[in-house]
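This report describes selected local features of a protein chain. Please examine the sequence and the coordinates shown here before reading on.

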Amino acid sequence: MNPRTLTLENFGPFVGKNFIDFTRLEDIFLITGETGAGKTTIFDALCFALYGEATGSRNGHSTTLRSDHASAGEVCSVTFEFSAGEREYRIYRSPKYERKKKRGEGTKEVPEKLELDEIKGGFAHPYNAKKEEIQGAIKKIIGLDAENFLKFILLPQGKFAEFLNLNSNQRRETLGKIFPVKIAAKIADYAAKEEMKARNLCEEALRQKDDLEKTIHLENFSEQVVQAEKEINELKTNTEMLIRHAEKLRKLCDLQNQELEISRQLNKLRAEYAANERNKKLIDDYRYQLERCAEAEPLIDKLKQTDSSRLAVQQAKKELDQAQQRREQMERYFSKKEEEAKQCGGFKNRIKTLTETALSLQKLIDYEKELHTIQREENELSSTVQELGYEVKEKESCIQKAHNLIDAYSDLDSTYETVQDARGQLENFYSAFSVYQTVCLREQDCLSRISLEEQEAASLNAQMHELQQEVQVLEQEEQTVWINHLRELLEPGKPCPVCGSRHHRYNEPELESIDKDSNGTLKSRLQAMEKAEKRHAECTGTLKALTRELDHIQQEKTQSHQMLLQAKPLWWQEEIKEQNITRARAEKKAQYNELLKQKERVHNARRDIDRVSSTLNEVKDRYIKSTTRRDLCIERQKQLTQTIQEIRKQYETVIDKQQRAADALAALEREIGELEKEIQKRENEYNRVDKELDRAKTQEEYSRKWYEKCDCDYQTAASELDAALVGTIFSDGDALKSAVLEVKQKEALSKQIRNWEETNTKLATQIESLESSLTSCRNSLYDYGWVAGQTLADTYTQQKQLGDTQKEVQERYEQAIIKRNTLYQTKEQYDEAFARWEKYEKERVRLSALSDTLNGRNAKRLKFETWLLGSYMEEVVYYARPRLEKMSDYRYSLQLGDSFGRGQSGLDLAVLDSYTGKVRPCGTLSGGETFLASISLALGLADSLQNRSGGIHLDAVFIDEGFGSLDEESLNKATQVLEELKEHRMVGLISHVTEMRSRIPSHIEVKKTAAGSQLIIN
C-alpha cells in the first residue's frame, strides 16, 4: 500500500476540505505542530478510510470524528487514494452522525457511507456491492486487518511496544493472521484424515482376507481344480461333435432356402423381361424424332439469322421515329433560350457600376479594422509600459537586498575555513577515540575469556584428582578378583599356572568377594579421566593463546592511546571528558552545516545579482521600445480617423449615418452575386440547349442509316433460307421449326432409349445366371444328404431336436467352466486381498508416523503449524536485528527463543546486551530503547511480509511520536536507518523534537487556530 492523496472534509479539528498530495512530498516526511493541533488526526483519517476505525482513543467513537467547527448541513468525510502493486484505488468514507430533522423536532441518524473505486486509465470503476463486501475487498487489497495494520504499518501513540511485549501465545495468534500458516493446520488435518482412511481401508482389507480364507479350502484346492478340468474336457468333446452335426443341418437348410429364393427371383425377372419388350414400339418413335431433328440442325443457323434480321429492322424503325421527334422538340426550345441570352448585356453594365462602389467601401472597412487594431495595441502597450516600470523597480530592490546579504556575511570565508579545520581535527580525534574504545572492549572480552578458562581448568584439576583416587581403588578391587579366581584353579601337587610352584598356601583365608561389575566401572573412570586430561590440555593451550592475545591487545591499546593524544585538537580543553566527545562532534558538525548554508546563501545572492542585473537591462530596453511604439500608434490613429471621415462623406448616398460600411458592402456584393449568377445561368442554359440540338440531329442521321442497313440484311437472309429449303423434307420455315428439338429434349429421348436397351440386356443376363445357380444348388443338396421328398420343415424339425441336445450339453459345460473359474477367482481374490492388506498396512504405518509428527504426537509435542510460525518469526528477527544493532550502536541485538519444548513454539523475544553479554527480556528496556526495538521489529515484519507475499504491498510506514525519548546519538542512528529505509518505502513521522525538523526538510505543519486547524505543506 503506497499513499497518493488524502482529502479530509470537516474531519476532527480540520474545517472544510484539506488536501494532502503524498506524491509531492519526499519519501521521508515529518508532521509537526502544536499539541492538539491535529497531527495524529491525519493518521486517524488514513486508518478510518481503510477500516472505519481510528488509531487512538477515538477508536470506537466514529461520531466524534466529525469536526465541531462544521455547520449542521456540511458533510464529514475522508477520501483516500493509494496504489497497491500496479493498481490504483480510491476510498470515500463518511462516519455516521446525528443531524436535526428537516421537519419537526429531534434528530435523525445519518448512516456511515463507504465507496471503493479502482482507477484505470484515469477513469473510476466503482465496486457495486454492499458495505461488508467492500470492506472485505479493502482488507484483501491491503493484506492486513485493522489490528495488524496499526501494529506494523501505522504505529500510533502508546502502541509501539504492544507487539514487542506479547507473550508466545498472543504473538502466535497475531502472526497466524498475517503469515500463511492456516495451510499448515489444513495439512495436519489432511494427514490425520488420510491416516484414518488408510486405517479403515486396512481393516476392511483384513476382514475381506479373513472371509475369503474361510471360503476357500487351500489344502484340497489342487484336487478340486483337477476334477473340474476333467469334466470340462469330456463335455467339450461332446459339444464339438454336436456342433459338427448342427453345422451340416444348417448348411442343408441354407441350400433349401437358397433354392426357393433363386426360383422366386427367376420368375420375377422373367415377368420384368416380358414387360420391357412391350415398350419397344414407343422406343422406335423416339428414334424417328431424333433422326428428323438431326436432319434439321444444319438449317437452324439460317433460320435464326433470318429471324434476327427481321427483329433488327423493327427496332431500327422505332429508333428512327424517336430521333426525329427529339430533333423537332430541341429546335423549338433553342429558339426560346436564344432570346433570353440577348438580355445579359444590361446585367453586365450594372455589375461594373456596383463593383467600383464596392472597392471603395472595402478600403473604408480595412481602414476601420486597422484603426481598431491600433487602438487595442496602444492600450496593450500602455499597460506593458506600466508593468515594465514596476518590474524595473522590483529588480533594483532585489539587487540591493543581495548586496546587503553579501555585506552581512563579509567575514564568512575566514570563519568557514576555521570551522572546517576544527571539524577535521575533531573527526580525526573521534576516529582515534573509536579505535581506542574498540581495543578496550576487546581487552575486557579477552580478560573475561581468560577468567572462564582458568575456572574451567581448576574444575578439571579437581575432577582429575577425584578420578585418580577412584581408579586406584578399582584397580585394587580388580586384583583381588583375579586372586580369588586363580585360587579356584589350583590343584594339590600340580604347578601353578602363574609361578610354576607346586607348594600352595591353602590355609590362607579367601579374600573378600568383589562386585563383578568393577571392571566396567574401572574402564568408564579411565575414559572419563582421559577426557578430563585432554580437556585440561586444551584449556591450558587456550589460556596460553589468550595470554598472547592479551599482550598483543595491550600493546595495541598503548599505541591507540598515544594516537589519541596526538590527534587531540589544539583548541581542545582539558575539562572536556571522553563522554562528551560525541556531543562536541555533533556541535561542530552542526556549526559546520550552518556555515555551509550561509555560504550557499551568499553564493546564491551573488548569482542572483548577475542574473537580475542582466534581466534589468533587458527590461529597460523593452520599456524604451514599448514607449516609442506607443507614440507611433497614436500618430497613425489620427491619420486613419481623418481618412475614414472623408470616405464616408463621399458615399453618403450608399451608407446611412446609422449603418455600418460592412453592411452596405455586403448588400452590394449580394446584388452583384445575384446578377452574375443570372448571367451565368442563362449562358450555360443557352450553350447546353445548343449542344443538345446538335446531338439530336446527329442521332437522327445515324438512326436513318442503321434502318437502311438492317432492311438490306433481312432481305438477303430470307433469300438464303428459301434456297436452303429446296430438296429437303421441310416445305417452309415453320415446318423446319417444328422438327427442331431442344438439347434437354434430345438428351431425355436418348436417355430413355439407352435405359431400355440396358434394362433389356441386364434382365437377359440375370435370367441366364439364375438358371445356372439353380442347377448348381440342386446338385449341392444331394451332397449334404438330402432325400427326395424331404421338405424344409422336416429339416427344421431335425435342427430343433439337435439344438435342444446341444443346449443341454452346453449348459453342463458352462457350469463346469464356472465352477473351475470360481475356484481360480476365489484364489485370485484371496491373493489380491492379502496383497491389498499388506499395501494398506504399509501406507497406514507411513501416514500414522506423518500424522503423529504434524499433529504434535512426537518427542517435543510440537505441531507443524507452531514450527512454521517459529520459522517465520526467526525470519522477522533476522530482518529486524541489523536495524536495532545499528540504532543502539551495536549494544542490543534481538534474540528469539531457540528451544522447542512441550509444544511451545519458542516465540519469546529478548535482547542480547553486548555490554554485559547477557540476554534480557524486552520488558527491561527503557522507553527510548523499547521505541527503537519496536520500530526495528515492525520494519523487519514488513520486510518479511513483502518478500514472502506478492499480495501484500507494504510500501509505507507511519510512526506517531516516540523520538522524544531518544538521546542525541540514538536519534542520529534512528534517523540514519529511516533515511536508508526511504529508498524502497515511504516513511511518515510525527514528532515534537525540534532537531527532527532540521534533519527532515519535507514536512507537513499543522497550525491550530480558533476556527479550526490548517495544513501547511513544505
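The model is a predicted one.

Although Asn-10 is not a glycine, its phi is positive, at about 55°. Asn-10 is also buried, because its relative accessible area is 2%, under the 20% limit for that class.

**Aromatic pairs**

In total, six aromatic pairs are counted. One of them joins Phe-11 to Phe-48 in a tilted arrangement. This pair connects distant parts of the chain, since Phe-11 lies in the loop between S1 and S2, whereas Phe-48 belongs to helix H1 (residues 39-51), 37 residues apart. Phe-11 and Phe-48 are both buried.

| Pair | Distance between ring centres | Angle between planes |
|---|---|---|
| Phe-11 and Phe-48 | 5.9 Å | 35° |

Elsewhere, Phe-80, Phe-82 and Tyr-89 are linked by ring pairs into a cluster.

**Charges over rings**

Phe-48, the partner of Phe-11, also has a charged residue over its ring: Arg-93 lies over the face of Phe-48, 5.8 Å from the ring centre. A further case involves Lys-317, which lies over the face of Tyr-707 at 5.6 Å from the centre of that ring.

**Packing of H7 and H15**

Helix H7 (residues 280-296) packs with helix H15 (residues 743-783) at an angle of about 140°, and the two axes are 10 Å apart. The crossing of H7 and H15 is left-handed. On the H7 side, the contact is made by Lys-280, Ile-283, Tyr-286, Arg-287, Gln-289, Leu-290 and Cys-293. H15 contributes Lys-746, Leu-749, Ser-750, Gln-752, Ile-753, Trp-756 and Glu-757. Sorted by class, the residues in this contact of H7 with H15 are seven nonpolar, three polar and four charged.

Methods:
Residues numbered from 1 in each chain as written. Predicted model: local features only at pLDDT ≥ 70, side-chain atom pairs only at ≥ 80, totals over all residues. Heavy atoms only, no water. Buried < 20%, exposed > 50% of the residue type's maximum accessible area, 1.4 Å probe, protein only. Axes fitted to C-alpha atoms, helices over the stretch in contact; angles between N-to-C directions. Helix = DSSP H or I, 4+ residues; strand = E, 2+ residues; numbered from the N terminus. Left-handed = near helix turned anticlockwise from the far one by under 90°. Contact = heavy atoms within 4.5 Å. Nonpolar A, V, L, I, M, F, W, Y, C, P; charged D, E, K, R; others polar. Phe/Tyr/Trp six-rings, centres within 6.5 Å; stacked < 30°, edge-to-face > 60°. Lys NZ or Arg CZ within 6 Å of the ring centre and 35° of its normal.
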